[in-house]
Amino acid sequence: REDEIRDKLNAPIPAEKLDQRKGPGGRTLVYITGGTAIDTANAIFGYKGWSSRLLSLEVDFFETDKDGVWHISVSCKVRVILTESG
């Protein structure tokens, strides 16, 4: 089971699960959403096989565009805790 979990964690994230946004200097930043991270953890560890703890949270930027729409980016560091039932 341990080898199977390691293989799943090391597998590339499918392209259809990646999102993109413009970053500083016009660069394109690639990321996964929180929902994708949770779905992936559930698929690997099982629905009740893990929990998490927020370690840090940082607002990267927030701004409004010319139409008054807010754009906000937040980064966080999360610890994943595996349970015995997982």
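This is a predicted model: local features need pLDDT of at least 70, side-chain atom pairs count only at pLDDT 80 or more; totals for chains, interfaces and linings use all residues.

Residues are numbered from 1 along each chain as its sequence is written, and side-chain values use heavy atoms, with hydrogens and water left out.

**Entry 1: alanine 41**

I began with alanine 41, which I found in helix 2; helices (H or I, at least four residues) and strands (E, at least two) are DSSP runs, numbered from the N terminus. Is alanine 41 buried or exposed? It counts as buried because its relative accessibility is 10%, where buried means under 20% relative accessible area, exposed over 50%, and partly exposed in between (1.4 Å probe, protein chains only). Leaving aside neighbours within four places in sequence, I see alanine 41 in contact with Gly46 and Trp50.

**Entry 2: the nonpolar core**

Next I asked which residues make up the largest nonpolar core, a nonpolar core being a set of buried Ala, Val, Leu, Ile, Met, Phe, Trp, Tyr and Cys residues joined through side-chain atoms within 4.5 Å. There are five in all, namely Ile5, Ala41, Ile44, Phe45 and Trp50. Helix 2 gives the most to this core, with three residues. For tryptophan 50, not counting residues up to four places away in sequence, I listed touches to Ile38, Ala41, Asn42, Phe45, Val80, Ile81, Leu82 and Thr83.

**Entry 3: the largest pocket**

Rolling a probe the size of a water molecule over the atoms shows where empty space is left. I note the terms: on a 1 Å grid over the protein atoms alone, a pocket is an open set of points where a 1.4 Å probe fits, with protein on both sides within 12 Å along at least five of seven lines, and lining residues have an atom within 4 Å of a point. Grid points are joined across faces, edges and corners, and a volume is the space filled by probe spheres set on the points.

The largest pocket holds about 520 Å³ of space. It is lined by 20 residues, of which Ile32, Thr36, Ala37, Thr40 and Ala41 are the closest to its centre. Two or more lining residues come from each of helix 1 (2-10), helix 2 (34-45), strand 3 (50-64) and strand 4 (70-82). Helix 2 supplies the largest share of this lining, eight residues. By class I count 15 nonpolar, three polar and two charged residues, with Ala, Val, Leu, Ile, Met, Phe, Trp, Tyr, Cys and Pro as nonpolar, Asp, Glu, Lys and Arg as charged, and the others, Gly among them, as polar.

I then turned to threonine 36, which has its place in helix 2 and is buried, with a relative accessible area of 16%. Its side chain is joined to that of threonine 33 by a polar contact of 3.1 Å; a polar contact is a pair of N or O atoms within 3.5 Å, where within protein one must be able to donate a hydrogen and the other to accept it, and residues adjacent in sequence count only if both atoms are side-chain atoms.

**Entry 4: the second largest pocket**

The second largest pocket has about 190 Å³ of space, and its lining includes Arg21, Asp60, Ser73 and Ser75. Which element gives the most to this lining? It is strand 4, with four residues. The classes here are five nonpolar, four polar and two charged residues.

Serine 73, in strand 4, counts as buried because its relative accessibility is 7%. I found a polar contact of 3.0 Å between the side chains of serine 73 and arginine 21. Serine 75 also lies in strand 4, but it is partly exposed, with a relative accessible area of 36%. Its side chain makes a polar contact of 2.6 Å with the side chain of aspartate 60. Leaving aside neighbours within four places in sequence, serine 75 is in contact with Ser56, Leu57, Glu58 and Asp60.

Conventions
Contact means heavy atoms within 4.5 Å.
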